[in-house]
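Me: I am new to this structure. Please take a close look at one part of it and walk me through what you find.

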Amino acid sequence: MSAADRSPGTIIGVNGPIVRASGMRSASMLDVVEVGGHGLIGEIIRLDEDVATIQVYENTTGLQPGDTVHGTGAPLSVRLGPGLIGNVYDGIQRPLRGLREKSGVFIRRGEKVSPLDEEKKWGFTPLVKIGDDVESGQIIGTVQESRMIEHRVLVPPSMRGGVTMIAEEGEYTINDVICRLSQKRQTVELTLCHNWPARKARPAREQKDLVAPLFTGQRVIDSLFPISKGGTAAIPGGFGTGKTMTQQALAKFCDADIIIYIGCGERGNEMTDVLLGFPELVDPRSGLPLMERTILIANTSNMPVAAREVCIYTGITMAEYYRDMGYAVAIMADSTSRWAEALRELSGRLEEMPADEGFPAYLPSRLAEFYERAGRYEALSGKEGSITVVGAVSPPGGDFSEPVTQNTKRFIRCFWALDRDLADARHYPAISWLNSYSEYAADLREWWADADPNWASHRDEAIDILQKEEKLQQIVKLVGPDALPDTERLVLFAADLLKQAFLQQNAFDEVDKYCEPKKQAAMLGIILDVYHAGKELIEGGVALEQIRRQEVIQKVMRMKSTIPNDALDKFSDLARQVQRELVSPEAKQP
């Protein structure tokens, strides 16, 4: 039944973003509807006989019983095609720039703008010819979407057949037919774009093992708590501990091909920083604007709560589309707590039975639906792509025992816990080395062995020193550091070196803001060399204070900002100086 043949329903009740309508017998679950005279976008989330419960993605002020509801007969879908890169969308994929041009600064309710520019022409290069048989997900041509991203035009999933027409190389709009397929005695026309249901995962051929890291340039992450390409991570922390700042650093420096940044229920000023700052950022690897490989989804806390619930599905569907082209995609979701709060509000208005702290009982399954769409896959096209998901969590009061944090930990393998004390001390990134963990370290040993054969043992030893230091600090608080023997004070000194010279990074320092793998390995090796040499000297009768006074110690403290990524030979010189100064007879003198 076409949309024109469907009889409209009638509103019988309005409760915030939840609307009930009768006369909806021809509708189906998860169908998109247009509500009221403004045609507000909504989605059917419950059906009881001919009464539909609809969550509306726009402000429902002014709706009243008797207003009409028109069904579209289609689920909430994301339009996928060239033009996504560099764009800024709201939670239901309306382009904010297009909305501003059409309705001004304040978006009118019911305003509809195509997610992709329908007038712009794209240079299309065909990769198949007439008579070829093509399968679902196969690449039939390419479009240069940005200077950094080649857009690979895919046969939509569930479609296949023989090519009866393929467009010649030239320029086409997204709605121009560029291919025709003969499929079961029917002709299927393909354009540069297609729609896909936001809540449905796109199919892939095979899920692959996670073997390579998503390299971020942040030493505390890459060296101590690494994440794989295709992995999942959470960044929990209280207000002001640096979740957004950390995610923005990851978006700028990580080695993913494409970044999708979802501002889910965040404050307007934070999203303003992203919207104004990202277009000014330069990709450190290519030297081109970062927006040429970035998609932004802005759904601030003052936007309709129902759109916040769907925005993460919009983002992950776009990510799967580029994964199917063979790209490594990284999603930054900031924050999943605000998304969970939207679920709680909608659940309350639906009068569902609440679970822990008022969240719905299905919160864990919804979190699983999101995080489990991450992974490294062989796509239907035969290309290998991945989706890495990093979700920020905002537990009230920094309480990691609350439901969103605890349920998130069930579905992730990397946990970067932000620490209030570190943030207050201006230690950036404020990731706690005591409360964080990564289950990907074992998977990444082989990859790291190319950068440093000793990475695994150095990592374990560094974490061990930091854990020993925490236990010794309990004694220091009672009796002071002078009561400890030099062997234990050396542990405190080595932990201090690790924290100040390695784990802490200066985001405003041109040298220190990003650290290559080999530089990280060299820095960690030198700090552990100081620790080992210090142990030998103390066993030989040298006082710790004499070791601390050696000139090379200051050079080790400053190496993160004095030795750039492309001057690794200077680390060899520094390592030789450590061995020379910390084993010489002068250093051994009491």
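Reply: Start with helix 3. Its buried residues are Lys243, Thr244, Thr246, Gln247, Ala249, Leu250, Ala251, Lys252 and Phe253. Buried means under 20% relative accessible area; exposed is over 50%, and partly exposed lies in between (1.4 Å probe, protein chains only). This is a predicted model, where local features need pLDDT of at least 70, side-chain atom pairs count only at pLDDT 80 or more, and totals for chains, interfaces and linings use all residues. Residues are numbered from 1 along each chain as its sequence is written, and side-chain values use heavy atoms, without hydrogens and water.

Helices (H or I, at least four residues) and strands (E, at least two) are DSSP runs, numbered from the N terminus.

What does the covering? Helix 2 (219-224) and helix 4 (268-277) are among the elements over the buried residues of helix 3. Strands 19 (232-236), 20 (258-264), 22 (328-334) and 24 (384-393) also take part. Contact here means heavy atoms within 4.5 Å.

Now a loop, for contrast of setting. Threonine 60 sits between strand 5 (51-56) and strand 6 (68-75). Its relative accessibility is 11%, so threonine 60 counts as buried. Beyond its neighbours within four places in sequence, threonine 60 is in contact with Val14, Gly16, Pro17, Val19, Leu40 and Arg109. Its side chain reaches the backbone oxygen of glycine 16 at 2.7 Å.

Conventions:
A polar contact is a pair of N or O atoms within 3.5 Å; within protein, one must be able to donate a hydrogen and the other to accept it, and residues adjacent in sequence count only if both atoms are side-chain atoms.
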